[in-house]
Amino acid sequence: MAMTDNQTRFQHDDDHVAVIIGSGAGGGTLANELAQQGIDVVVLEAGAIHTRDDFLADEWASFSQLAWLDPRTTSGSFRLAKDFPNLPAWIVKSVGGTTVHWAGASLRIQPHEFRALSEYGKVEGANLLDWPVTYDELAPYYTRAEDRMGVTRTNDIPGLPGNNNFHVMYTGAKNLGYECNTGHMAINSQIRDGRASCQQRGFCFQGCRTGAKWSTLYTELPAAIATGHMELRPQSHVAHIEHDAQGKVTGVVYFDANGDQQRQKARLVAVAGNSLETPRLLLNSASSLFPDGLANSSGQVGRNYMRHTTGSVYATFDEPVHMYRGTTMAGIISDEAHHDPSRGFVGGYEMETVSLGLPFMAAFFDPGAWGSDFTGALDQYDHMAGMWLVGEDMPRESNRITLNTDLKDAFGMPVANVHYDDHPNDIAMREHAYRQGSAIYESVGAKNIYRTPPYPSTHNLGSCRMSQRAQDGVCNGFGQSHDIPNLFISDGSQFTTSATENPTLTIVSLAIRQAEHIGQLMKEGIV
Amino acid sequence: MPSTSLSRRTFLKTTGGALVGTLAFASGPIALLAPSRSWAMPLDALSSHEGEVLLQVTKHLFPHPGLEDAVYAFVVKDLDRAAEAEANRTLLQGGVKALDDDASGDWLALAPNDQYLRVASLEGTSFFEKVRSTAIVSLYNNPLAFTHFGYQGEEGDKGYLYNGFSDLTWLPEPPQPANGYMPGEVPS
């Protein structure tokens, strides 16, 4: 029986429902929070339902099952434009969105990172800004999100047991004077909240079959359906958002599982389609009243797209590691996450273990490679340890999502083009991170050390950012668009800056806070 | 048009070849899995000779000492599958023919280093990229390769919690709480 079989259903012309586009960390959480308040919600999700039983312990097969493979294009000088010109992002098209595929790292953004412009000062070629929300304002919602998601090392939840990959990282970290533990992870280390404890399968990126890892697929969404106030419509691809003569949004036009066009009326619309699809949808919704797209009087829709400064270090050892056994992100070092411009860059970065199975190691280790250097690395696959470097990247107006009118999707809508140039700050940080990551493994006796370039982006941020002033961004500190009071941004697109940390915990916290605000606005009759 | 596709299928059938071989490492991990030491892989679109050249080209691009030809044959199988489309068949057969033509009709007869240099000089051509991009997936995405390289693939599905996720013994065990806790273990 599908989770949607006995759900409440709402009429297409029912204009009192809140429509949420996307069912991932932002959309799925917002849906449940609104439904718990008794607010009727329709969630339109482009992807199909794939349950835990459907998930595959096979990297390529799972990729075909879960990844967003609709066409996209790239431009700019970032290496992805060469390596994966049609796959700028590795995100999910499935109910639950990217919470199906995420690794589970749940770190709070640091207080100073909410004040990036004030703390770092102006950085040439960057479009830094302070968030219109402070750490202290968000802190209570972080607390609620950590409890909801069952984040280890919070709420008296023990840390996950460390795997082999962690053991190598931990030893090297200590050699360099770093702290290191198995991280704050939204993965059950003990049975909790009706979900199992982690069995260390090593397929976090392929969907968690035991449900130990938090995903809206089997937490927020069924909880919302159970209230009788939420209807989930999978395989519903929204093409554009409609508005009335006063400029308030009135509903959305979408294509259902049969490819038939449908129109759902709405009292408000919340967009949570990830930082590529969210601005694409606003831009594709251009009208005579809003010729540059919805909520775009600032011209900032699609701009300041961020993807975190990333890279990986893999190292080989005389003795076996078998890094693929157990949680993918099994250990975290945060000692370089602070802001210290004496390192030659602003902002900071995390070092987090990562592992890929043999098929994806071959594909992502050094895209385009061949020859004995490459095969010599893979020959040592079971003696290899790995870490991912992830740090704050600079928001730039020119790093942006635009419509590629030369290429249309299956429904005839222009696809997203992703343009990105690394800022010199990003390059300096990546170099520093590569160096420190390498030093960690050298101190443990590494034989060979390899620098792996960024993967297709998993942390897609900005592109509809929050700002105090309407001319600086797209939405306010509650994700409400500056231009249209009943249009909300509810995903990572809101991020004013990328900060250092893996974004999901912050997306969930913002969604909980936004739901509270929407409930208040509805009581006041504003939306 | 039905008649065209029928004749194409007939053509494919009559020209299809096969790759055959014998496992080189009788006591290797792959031999332990294999029902017999000899193996064969039928080809539909490519001839035996074309298959043998493509297998050797793949070995030059991705040289793994000790990796059985039976694993490289997976790449040839996928190239053969791709070659059912005419554009790919033209590309692959043309690439093989060009190698042969430049080697007095038999590139396979050249010394290995000479073979390698001629393949390396093709980098950037669509023939080279077709073989490379197919191999990067096919060569490393099969159970024989998993066994060879020490990746356990779908075995992970049941979980490594009680089966080796932290069996590394060449480094000291990290202390708790940094190293976390097993399910049911209560932090003291």
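Biologist: How many residues of chain B are in contact with chain A, and with how many residues there?

Modeller: Keep in mind that this is a predicted model. In it, 47 residues of chain B touch 54 residues of chain A.

Biologist: How do I put a size on that interface?

Modeller: The size of an interface is often given as the accessible area lost when the parts come together. Here chain B and chain A bury about 4,200 Å² between them. Carbon and sulfur atoms carry 61% of that area.

Biologist: Which residues of chain B lose the most area to chain A?

Modeller: Look at Y151(B), F165(B) and W170(B). Together they make up 17% of what the chain B side buries.

Biologist: Now the strands. What holds a sheet together?

Modeller: Strands of a sheet pair through backbone hydrogen bonds, either parallel or antiparallel. Take the open sheet in chain A with the order β3-β14-β13. Its three strands show mixed pairing.

Biologist: Which strands are at the edges of this sheet?

Modeller: β3 (73-75) and β13 (400-408) of chain A, each pairing on one side only. Neighbouring strands are turned by 35 degrees against each other on average, direction ignored.

Biologist: Do β3(A) and β14(A) run parallel or antiparallel?

Modeller: Parallel, with three bridges joining β3(A) to β14(A), residues 414-419.

Biologist: Which helix lies across β13 and β14 of chain A?

Modeller: That is helix α8(A), residues 274-284. Its direction makes an angle of about 65 degrees with β13(A).

Biologist: What does an antiparallel pair look like in this model?

Modeller: Go to β6 (residues 249-255) and β7 (residues 261-265) of chain A, which run antiparallel and share five bridges. F255(A) has Q261(A) in β7(A) as its bridge partner. The two strands form a hairpin, with five residues between them. In the turn, G259(A) has a positive phi of about 85 degrees.

Biologist: Which helix gives the most to its lining?

Modeller: α7(B), with five residues. α2 (59-66) and α9 (358-364) of chain A each supply at least two, as does α7 (126-138) of chain B. By class, the lining has 13 nonpolar, three polar and four charged residues.

Biologist: And what surrounds the second largest pocket?

Modeller: This pocket has a volume of about 270 Å³. It is lined by 18 residues, and P143(B), F146(B), Q152(B), G153(B) and E154(B) are the closest to its centre. Helix α8(B), residues 143-149, gives the largest share of the lining, three residues. The lining divides into seven nonpolar, seven polar and four charged residues.

Biologist: How many cavities of 30 Å³ or more are there?

Modeller: Four. The second largest cavity has a volume of about 110 Å³. Its lining has 15 residues, and C198(A), R201(A), G202(A), C204(A) and C208(A) lie nearest the centre. Six lining residues are nonpolar, seven polar and two charged.

Methods. Residues numbered from 1 in each chain as written. Chains lettered and ligands numbered in written order. Predicted model: local features only at pLDDT ≥ 70, side-chain atom pairs only at ≥ 80, totals over all residues. Heavy atoms only, no water. 1 Å grid on protein atoms, 1.4 Å probe; cavity = no way out; pocket = protein on both sides within 12 Å on 5 of 7 lines; lining within 4 Å. Points joined across faces, edges and corners; volume = space filled by probe spheres on them. Nonpolar A, V, L, I, M, F, W, Y, C, P; charged D, E, K, R; others polar. Pairing = 2+ DSSP bridges. Helix = DSSP H or I, 4+ residues; strand = E, 2+ residues; numbered from the N terminus. Axes fitted to C-alpha atoms, helices over the stretch in contact; angles between N-to-C directions. Contact = heavy atoms within 4.5 Å. Buried area = accessible area lost by both parts, 1.4 Å probe.
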